[in-house]
Amino acid sequence: MDELLLSKIRLSVVAELLGSEWVAFSALVRAAETTNGNLGAHIAKLVAAGYVDEEKTFVDRRPQTRFRLTARGRDAFVAHVGQMQALLKGTS
Amino acid sequence: MDPSEAQEHLDLVDRILTRSDENVCLVGDIFVAWGIASAATDLIFQLLISGKIAEGWQWVSAVSLICAVLYTIIRVRRGQRSLARMTLAARDYVNVLWVVFGLTAVAQVGAYHFFGGWTAPALWTLAASILTWYIALSGRNLFALIGGCVLVASLIVASYVATPGYVLAGGMLLGYAGFGVAAMLARD
């Protein structure tokens with residue numbers, strides 16, 4: 001299994017990004033129900049692994065950080081979910 | 001990872017994907033603005049042809065369409081500021097919207113000799129019905145389905161009556177603006 005996606009927060013971030021073109025950091029904080037600092041640390045790991053792309057922009061003169069899932073992140077997520085399903089099938 | 005933990009993670013993923021799948025971006029008030037402006041245009045066109053109003057009333061139609069354009073620009077710019085997420089479903093919806101109304105505008109202006117007279121407002125009703133049907137099918141939206149049915153019905157009925165403008169106006173008001181009101185109420 002993918003070590004990075006064993007964390008519930010990182011898994012939920014990737015799942016949130018899967019159905020989206022991009023998601024702002026503030027929306028991910030709300031969705032993951034965690035703090036800015038905690039989420040920032042988790043996303044930094046996903047960005048470093050090349051699972052997520054970070055984009056800094058200005059909206060109404062205020063900085064906004066957006067994230068989008070990369071093809072690598074999508075493949076890793078699909079493989080990870082497949083392995084979890086296989087694990088469950090193996091035990092049933 | 002043990003099986004119970006795997007099940008918990010899969011449930012979490014399922015919840016998130018189900019939620020984002022339903023997240024189709026709809027701005028109801030823009031539908032209301034365009035529904036009213038289109039209905040006003042159809043109505044004035046019909047009243048003009050019937051000789052019930054003077055030609056000067058054409059300005060009302062032009063002003064209502066300009067108001068709808070300005071309102072759309074302001075609303076979209078405001079929406080972009082507060083937008084924190086662009087879902088794939090929303091991106092597809094915006095693309096379909098531009099294709100449907102862009103091609104309709106090109107057809108009406110570029111092929112004016114084909115789409116003159118009552119064909120022009122009918123063409124816009126058809127475009128509006130394509131969009132509402134798209135929303136109904138992609139977003140599983142019952143109000144959009146009802147709106148789409150009303151628009152198609154108004155198009156068919158309008159082709160058989162002596163005063164199609166009233167029917168097309170009613171269709172845009174009920175099917176398009178009505179759907180917009182329903183979308184606004186559903187969001188609240």
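Helices, taken as DSSP runs of H or I with at least four residues, and strands, taken as runs of E with at least two, are numbered here from the N terminus. On this basis the secondary structure of chain B in the predicted model comes to 7 helices and 1 strand, and from the N terminus on these elements follow the order α-α-α-β-α-α-α-α. The C-alpha trace of chain B spans about 80 × 35 × 30 Å along its principal axes, and 31% of its 188 residues count as buried. Of the contacts in chain B with a separation of 6 or more, 70% are accounted for by residues 24 or more positions apart.

Chain A, for its part, has 4 helices and 3 strands, arranged along the sequence in the pattern α-β-α-α-β-β-α. Its C-alpha trace spans about 55 × 25 × 20 Å along the principal axes, and buried residues make up 33% of the 92 residues in this chain. Among the contacts in chain A between residues at least 6 apart in sequence, 55% join residues at least 24 apart.

Within chain A, helix α1(A), which covers residues 8-18, has 8 of its 11 residues buried and is therefore largely enclosed by the rest of the structure. The buried positions of α1(A) are R10(A), L11(A), S12(A), V13(A), V14(A), A15(A), E16(A) and L17(A).

In chain B, helices α4(B) and α5(B), the latter covering residues 119-138, pack with their axes 10 Å apart and at an angle of about 170 degrees. Because angles over 145 degrees count as roughly antiparallel, α4(B) and α5(B) are assigned to that class, and their crossing is right-handed. The contact draws on residues of α4(B) that include Y93(B), V96(B), L97(B), V100(B) and F101(B), and on residues of α5(B) that include L123(B), W124(B), I130(B), L131(B) and Y134(B). By residue class, the contact of α4(B) with α5(B) divides into 15 nonpolar and 3 polar residues, with no charged residue.

The contact between the two chains takes 24 residues from chain A and 19 residues from chain B. On the side of chain B that touches chain A, the elements that give two or more residues are α1(B), residues 3-21, β1(B), residues 85-87, and α4(B), residues 88-110. The largest share of this side, 11 residues, comes from α1(B), and the residues of the side as a whole divide into 11 nonpolar, 4 polar and 4 charged. Strand pairing also links the chains, in that β1(A), residues 20-24, and β1(B) pair in the antiparallel sense over 3 bridges. In β1(B), R85(B) stands opposite V23(A).

Note on methods:
Residues numbered from 1 in each chain as written. Chains lettered and ligands numbered in written order. Predicted model: local features only at pLDDT ≥ 70, side-chain atom pairs only at ≥ 80, totals over all residues. Contact = placed C-beta atoms within 7 Å. Nonpolar A, V, L, I, M, F, W, Y, C, P; charged D, E, K, R; others polar. Pairing = 2+ DSSP bridges. Buried ≥ 20, exposed ≤ 12 C-beta atoms within 10 Å, placed from the backbone. Axes fitted to C-alpha atoms, helices over the stretch in contact; angles between N-to-C directions. Parallel < 35°, antiparallel > 145°, perpendicular 65-115°, else oblique. Left-handed = near helix turned anticlockwise from the far one by under 90°.
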